[in-house]
Each structure stands twice: as structure tokens, then as C-alpha cells.
Amino acid sequence: MKKAFVKSYGCQMNAYDSARMADLLGEEGYAATDRVEEADVVVLNTCHIREKAADKVYSELGRLRVLKGERGQAGQDTRIVVAGCVAQAEGAEILARTPAVDVVVGPQSYHRLPELLARSRQTRVVDTEFPVEDKFDALPARRTGGVSAFLTVQEGCDKFCAFCVVPYTRGAEVSRPVAAILAEAERLVAGGAREVTLIGQNVNAYHGAGPDGVPVTLAGLMRAVSRLPGLLRLRYTTSHPNDMGEDLIRAHGEIPGLMPYLHLPVQSGSDRVLKAMNRKHDADTYRRLVERVRAVRPDIALSSDFIVGFPGETDADFAETMRLVADVGFASAYSFKYSPRPGTPAAERADAVPEAVKAERLAALQALLDGQRHAFAAAMVGREVEVLVEKPGRHPGQVAGKTPHLLAVQFDAPATTIGTLQRVRVAATSANSLFGERTHADAVAA
Ligand code: SAH
Ligand code: SF4
Ligand code: F3S
């Protein structure tokens, strides 16, 4: 049997696309493998968000070139596909730089992968179109996505933050219709999913067509999805502060199953920098927004993304970011050094922050955020939490799952608990996980 190896870089949208490509190749008779040496088709689903992410792809392609040569000598063909955001951003340049690549396909045209692979037997191909047809309609129905599954409901972005490539690599904001999402969610649940995370680059700008053709908000969509029998938990990510509508805030107090966790990137705490980033809100608006969400759902865990060293960022600007973090308190966060990206407005600026200053600021910010993350986890010790069991744990006899606040937990229980909710008394924390004991042997009734 032919085999396909699909490797995903970058965000959850890419992880979702990778799963869909694996399904598509499955329909074409390729069994999925995690051993690249035995793959007849290798797909790298790439990320262009920071320079480091894009560089990784070229070093991987260097290794694949050797592998392809070795397999070729043994009489085996290997097709190498570069998909995702680097494919979209660089297109034919990838072919010029890396002779081993056969197909370059962007995030909006990967449903054509079988056809592109067939064509690549004659000539190397590039497809970075934003086609009129809906790729989701052309993809095979999903069979499974695990206990906790991602579901793309919205793609692309019209926000054009000055640092970001996403509006260029993913294109304009598009929402999938409610019916298509419900059908996919139903199939996921039938395949064993108990938690679904609705994903989109700007998921809270969702405005897909409802049954009567009238646009539905993310809150409306979540109300519909949350009614699916068998579905225990619902999440969504990633959101922009300017799209946190009143009904979405209220949804956090109303939708059973919507988990008390919100990833709400703010990027900076300095109004000057936020303006230069084209974020279109200031730091106090963000603070007030967090207060409104907490008023509805006091136990909500907040998470965010930060960029340090945006061009022109001063010590005083950075101090404002530290102050915002101290004021808000985050359960978790991602933080990055600003990385200039080709084609974005910020990359044209002459007032770059020196690398050493960026590194210093990142270390200070991460120390503060890590402290908050550990304190948040440590506060769970002694408490009883509800855990959705997702998979076997690190050690025999253990299982692993997540709390409503997205904290990983390991505890002793049989593998039959996978896919159920269990109550666990937290006894200890480590860097990345909680440990505890089941408080009773039966699953919590859903
Ligand atoms: N759509 C999401 C984020 C997509 S990218 C949103 O708006 O929140 C994920 C994160 O990568 C961003 O939130 C930002 O913090 C970071 N990022 C994006 N472009 C970057 C760049 N040029 N340099 C450093 N970090 C960047
Ligand atoms: Fe990028 Fe900004 Fe769009 Fe997020 S909102 S994807 S950071 S342009
Ligand atoms: Fe990266 Fe593209 Fe996602 S650039 S973060 S894979 S949308």
C-alpha cells in the first residue's frame, strides 16, 4: 500500500488542514505513516508567521532531498509537497530554491491535491489560487478527529495588523455556513469527539449563513453546536478584541458546555505601539473587555499573544506591556520577538529594535507570564476538577486529559475512561501538568 507522511507547522488551522489532507490522501489509497522514510508522498504544511518558522521548512526540505535521492536509487518514487502559508507566500520561488519539491499548494487549494500530484508526474506544479469553489465541499467527509477535535469555521483575515502575513497567506475573511459546520461536528461526535474547538484566524468575526440564509454570529453558532447530543465541551479560538460582541460575552454565562477559557491576543500594552500595529483598540479598552467577560464568568482563564520589540517600541512602551500583564493576570500566553515579514507594512520601518533588546524584553515578559501560569496551576492543588480524558498517560495505568481551564492532568484510571469526564482531586503540579486522583470510580454523568 502507498503511504503518505504529513507534517504540520504553525497554528491549529494548519493542524486541521493537515488532518484533512491526510483524509484526502487516504481516499486516494495512501495510508498515513509517521515514518517519513517509507512515505511515497511527503506533505510539509508550512507556517510563514515568523522568519524562524519559514526557515524550518527549508532545512527540512534539505533532509528530504537526500531521502528522495536514496529512495530513488532503490527504485522508489517520492513526491514532495509544500503546502500551507509558506507555499502561498513564496509560490514558484520554492521550486527554484529546492529542486526536490514536486508540488506547491496554498491553503485555499489543497482539495486539489490528488489532481496536482497526478500532474506532477509530467511537470512540477504550483497552485496558490483562491478558487471560487469551496474547498470544504470538495473534501471527503471527516471520519474522526480524536476525543478533542478542531473544526475550522472561519478562515482568513481582513484586519491587516502591520506585522502579520495572515491576510496575505490566507486571504479575506470567509465564514462557513452553519449547516456545514453542524454536519461536520455531528460526524466528529459520531467518531468519538467529546470536545470540539471551533477555530478561525478571527473566529469571533464569524458570520456564516444560517438555515434561512441570514448571517449567524459565533454565539449563535455555538448555541446550535452545543445542542448536539454526545458533545460535552465546546471551545473557540482565536479571537480579536474588537470582535468580542455583547452576545459572545453573554454566551460565556449561558451556553452549557462552553469552557471558561478565552484566548484573546492583545500583542502590546502600549497605546502607541497598538496604534502602530494597526490593532485599532487601546490597552484600557482591552482591560475593560476582560472585566466585562469576568463579570459574566468570574472563573474564566485568560490567555493571550504578545509581540516584543515591534519597530519603535521604547522601554516605556514595554513597561506598559508589563503593566497590562500584571493588571490582567493570564493563565497562559504566547510571546514572541517581533520578526519582520516580507510584504507587511511594519517590515518597511527603519526603527527596528536591536536583537539584544528584544531578547531582554522577551525574557522579562516570559518570566512574568510564567509566574502567572504557575500560580494559576498551583491554585488548583487541593481542588476537585473535571477532566475530559483524551488519551493514555505517560505511565502504564495512567490516563491524560484536560480541565475546563485547559490544564493538562495525569491520573491513574483505566483506558476505558478515554472520552469520558472524570472528577479528579489535584495533588501536585509540575512544569506542564497537574497530577491527581479520581474521587470516584464512575464517569461523571454527561
Ligand atoms: N489571528 C490571530 C493570530 C495569528 S498569528 C490573532 O489575531 O490573534 C499568532 C500570533 O503570532 C499573533 O497573535 C502574534 O502574537 C504573533 N505574530 C504574528 N506575526 C508576527 C511577527 N511578524 N512577529 C512576531 N510575532 C508575530
Ligand atoms: Fe494577523 Fe492581526 Fe489578522 Fe490576527 S487579526 S491574523 S494578528 S492580521
Ligand atoms: Fe502560520 Fe499560516 Fe497559521 S502563517 S500561524 S500557519 S495561518
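# Close-up views of a predicted model

**View 1. The shell around ligand 2.** In this predicted model, ligand 2 is surrounded by Cys157, Lys159, Phe160, Cys161, Phe163, Cys164, Val166, Pro167, Asn202, His240 and Arg279. By residue class, the shell around ligand 2 divides into seven nonpolar, two polar and two charged residues. Two of the surrounding residues, Phe160 and Phe163, return in the views of aromatic rings below.

**View 2. The shell around ligand 1 and its polar contacts.** Ligand 1 is surrounded by 15 residues, of which Gln201, Pro265, Gln267, Asp305 and Ser339 are the closest. From the side chain of glutamine 267, a polar atom lies 2.7 Å from an oxygen atom of ligand 1. The side chain of aspartate 305 also places an N or O atom 2.6 Å from an oxygen atom of ligand 1. At serine 339 the backbone takes part: one of its N or O atoms lies 2.8 Å from a nitrogen atom of ligand 1. On its own, ligand 1 has 540 Å² of accessible area, and the protein covers 89% of this area. The elements that contribute two or more residues to the shell around ligand 1 are β13 (301–308) and β14 (332–337).

**View 3. Ligand 1 between two domains.** The shell around ligand 1 receives residues from both domain 2 (141–259) and domain 3 (264–378), and ligand 1 therefore lies between these domains. Its residues divide into six nonpolar, four polar and five charged.

**View 4. The shell around ligand 3.** Ligand 3 has around it Cys11, Asn14, Thr46, Cys47, His48, Ile49, Cys85, Val166, Arg170 and Gln201. Of the residues in this shell, five are nonpolar, four are polar and one is charged. Domain 1 (3–127) and domain 2 (141–259) each supply at least three residues to the shell around ligand 3. Val166 is listed around ligand 3 and also around ligand 2.

**View 5. Phenylalanine 160 and its aromatic partner.** A search of the whole structure finds five aromatic pairs. In one of them, the rings of phenylalanine 160 and tyrosine 168 have centres 5.5 Å apart and planes at 75°, so the pair is classed as edge-to-face. Phenylalanine 160 is partly exposed, with a relative accessibility of 38%. Tyrosine 168 is likewise partly exposed, at 38% relative accessibility. Phenylalanine 160 belongs to the loop between β8 (154–155) and α7 (166–169). The phi angle of phenylalanine 160 is near 50°, a positive value in a residue other than glycine.

View 6. Phenylalanine 306 and phenylalanine 330 form an edge-to-face aromatic pair, with 5.6 Å from centre to centre and 85° between the planes. Phenylalanine 306 lies in strand β13, whereas phenylalanine 330 lies in the loop between α13 (315–328) and β14, so the pair ties together parts that are 24 residues apart in sequence. Both phenylalanine 306 and phenylalanine 330 are buried. Elsewhere, one aromatic cluster is formed by Phe163, Phe310 and Tyr338. Of these, Phe163 is also listed around ligand 2.

**View 7. A cis peptide bond.** The peptide bond that leads from threonine 237 to threonine 238 is cis, and its omega is near 0°. Threonine 238 is placed in the loop between β11 (233–237) and α10 (246–254).

**View 8. Leucine 406 in a loop between two strands.** Leucine 406 is found in the loop between β16 (398–402) and β17 (408–412). Its phi angle is near 70°, which is positive although the residue is not glycine. With a relative accessible area of 33%, leucine 406 is partly exposed.

**View 9. Aspartate 77 and isoleucine 418.** Aspartate 77 sits in the loop between α2 (51–73) and β4 (79–83). At a relative accessibility of 35%, aspartate 77 counts as partly exposed. Along the chain, aspartate 77 and isoleucine 418 are 341 residues apart, and their C-alpha atoms are separated by 39 Å.

Key. Residues numbered from 1 in each chain as written. Chains lettered and ligands numbered in written order. Predicted model: local features only at pLDDT ≥ 70, side-chain atom pairs only at ≥ 80, totals over all residues. Heavy atoms only, no water. Near = heavy atom within 4 Å. Nonpolar A, V, L, I, M, F, W, Y, C, P; charged D, E, K, R; others polar. Polar contact = N/O pair within 3.5 Å; in protein donor to acceptor, adjacent residues only side chain to side chain. Areas by Shrake-Rupley, 256 points an atom, 1.4 Å probe, with all protein chains shown as cover. Helix = DSSP H or I, 4+ residues; strand = E, 2+ residues; numbered from the N terminus. Domains from an automatic or database assignment. Phe/Tyr/Trp six-rings, centres within 6.5 Å; stacked < 30°, edge-to-face > 60°. Buried < 20%, exposed > 50% of the residue type's maximum accessible area, 1.4 Å probe, protein only.
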